[in-house]
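Thanks for coming, everyone. Let me put the model on the screen, and then we'll walk through it piece by piece.

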Amino acid sequence: MPELLEVHDVVAGYGNGPAILDGTSIKVRGGQIQCIIGPNGAGKSTLLKTICGNLPIRSGEVLLGGERIVGLQPHEILRKGICFVPQERALFPRMSVRENLRMGGYILDDRAELERRIDDVLERFPILRERAHQLASTMSGGQQQMLTMARTMIVRPKIVMLDEPSLGLAPKIVDQVYDIIKLLRDEGITILLIEQNALMGLKNADWGVVLDLGKTLFEGPAKEILADERIQELYLGRRSKAA
Amino acid sequence: MTNAIQVLILGVMLGGVYALMASGLTLIFGVMRIVNLAHPIMIIWGAFVAYWLFKLYGIDPLVSMPIAAAFMFLVGIVLYKLVYAKEAASAKYSEMTVLLTFAVALVMDGAVSTAFSNTQRVTSPPYATDAFIFGPIFIPTAQLYAGIVSIILVGGLFAFLQFTRTGYAIRATTQNRTAAQLLGVNVAFISLLTFAIGSALAGASGALVSFVFSFFPAKHWEWIAVLMSLVVLGGMGKLVGTIVGAFVLSIIAAFVGTYAGATWSTITFFLALFLILLIRPQGLFGDPIEGT
């Protein structure tokens, strides 16, 4: 039985440059929040861009539910159920909340169904419903991130990939963002996220993966990784007591 | 007072025509960051289509307007594929397109100058010399028709962008290209389509301009300055801003032309461009410029 998403020996990089991912493999289990941690330049963002088809793959395999998705266009991969949220500014600043949600369902052909789903999402996020006609750029950072998360629900994806969802947000707001991420998981959406702030990511995740130099070094339940002394020393910025 | 009302009406009609002329320019800049210096020569091409269809077959320019628009739509597709698509990945795309569009403008100018010579022309449908007279107010029919048709077209463009799925995709691509792509918008196709629509708008406005102003190939150098002033005033790439800018400046220019003399009316646009760059470089509706 294959896992929901499997990445096998993927090689990828930008333009004609060196391979950022050089034989990276990762498995994503369904129904969980899975967090990838690792230092700057470890290839975390590159991995997500490769999976969603934004960056061409040089070699290797990406399987969604056992089905090969390598070589598909980004919008085809989105239709298959993988939704990618980039690091910053994922919204359309001069569109209203409702228009942003409508863009979230751009690939849906049934317009009436789209409006129904938008109403469903607005039902769930009263703050957004109150601001349905407000321009996205006039909302606070936390509300914008809420809208970004809510927008992914419109296409009812299998997997949502988040690139540093907490970046630039106040700690209190970050907690709210993670509450929404957990809400998505409880809806049955699998979350694959990367965090520079590894501690933050792992605290909120079910499963953790340590990626460095394009290789998976270690993976396991997030709690175990948090407790592992080697990982703490190397990636969580805590000195081990023995040193 | 009645004189002022008449000047105001003329200003509004002229504003409509300028709004249509500039709408394609601002649309193309908004979506693709192409500063299309060849936009006014595209208008001249549209004007020539209407002129010759009238001259040879007696087709009214208001009727041939869709033909001029369709013709320039196709020219737009060819130009985009030939000149701009290849450079789209370049980091210096905007800067490069200034030179590219300048070159395209020279070539397109040279083509029509050679074919039809640089003489003044005007399409003269029967209503070209008529006027509507409401009591003391006197409005040239040609300007009234051109103004009304322009306002309808700009309104149609606005509705298209605001309410259709493709319109959403164009606006989304303007505001955040990466996000639009991630949500399934084919941004390469949207870029091509927008360039073609912008070119078609140039063609349509050309047909109207052909009976409102007299035109000749080299006239586009004068228009680019006027149109750029509208686009900059509105905030680069902001359609609403450009339209507001077109009406405001045209009305001011109409008053300046009436009370200070026609020679002074064009300077309104340049003075506005100068002042806006000095005082509010991002334009009336623009976002603050990064790094300032």
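Let's start with the sheet in chain A. Keep in mind that this is a predicted model. Six strands make an open sheet, in the order S6-S7-S8-S3-S9-S10. The pairing is mixed. Now look at the edges. Strand S6, residues 82-85, and strand S10, residues 215-221, each have a single partner strand, so one side of each has no neighbour in the sheet. How far are neighbouring strands turned against each other? On average by 15°, ignoring direction.

A:Cys83 stands opposite A:Val160. A:Phe84 stands opposite A:Met161.

Are the faces of S6 in chain A covered or open? Both are covered. In general, the side chains of a regular strand alternate between the two faces of the sheet. Here, A:Ile82 and A:Phe84 are on one side, with A:Cys83 and A:Val85 on the other. All four of them are buried.

In chain A, helix H7, residues 171-186, touches strand S3 (33-37), S7 and strand S8 (190-194). The direction of H7 makes about 145° with that of S8.

Next, helix H4 of chain A, residues 111-124. H4 has 14 residues. From first C-alpha to last, H4 reaches 20 Å, close to the 20 Å expected at 1.5 Å a residue. Which residues of H4 in chain A are buried? They are A:Leu114, A:Arg117, A:Ile118 and A:Val121. Note the arginine in that list: A:Arg117 is buried too. Seen down the axis of H4, the buried residues fall within an arc of 105°, so they line one face of the helix. What covers them? The cover includes helix H3 (97-104) and helix H6 (141-153) of chain A. Turn to the other side of H4, and A:Ala112, A:Arg116, A:Asp120 and A:Glu123 are exposed.

One backbone point before we leave chain A. Most residues other than glycine have a negative phi. A:Arg156 has a positive phi, near 50°. Where is A:Arg156 found? In the loop between H6 and S7 of chain A. A:Arg156 has 15 C-beta neighbours inside 10 Å, so it counts as partly exposed.

Over to chain B. Strand S1, residues 131-134, and strand S2, residues 137-140, run antiparallel, joined by four bridges. B:Phe134 has B:Ile137 of S2 as its bridge partner. The two strands form a hairpin with two residues between them. In the turn, B:Gly135 has a positive phi of about 55°.

Chain B also has a residue other than glycine with a positive phi: B:Ser117, near 65°. B:Ser117 lies in the loop between helix H4 (93-116) and S1 of chain B. With 10 other C-beta atoms within 10 Å, B:Ser117 is exposed.

Definitions and conventions:
Residues are numbered from 1 along each chain as its sequence is written. Chains are lettered from A and ligands numbered from 1 in the order in which they are written. This is a predicted model: local features need pLDDT of at least 70, side-chain atom pairs count only at pLDDT 80 or more; totals for chains, interfaces and linings use all residues. Two strands pair if DSSP finds at least two bridges between them. Axes are lines fitted to C-alpha atoms, for helices over the stretch in contact, and angles run from 0 to 180 degrees between N-to-C directions. Two residues are in contact if their C-beta atoms, placed from the backbone, lie within 7 Å. The expected span of a helix is 1.5 Å times one less than its number of residues. A residue is buried if 20 or more other C-beta atoms lie within 10 Å of its own, exposed if 12 or fewer, and partly exposed in between; C-beta atoms are placed from the backbone. The arc is that of the directions from the helix axis to the C-beta atoms.
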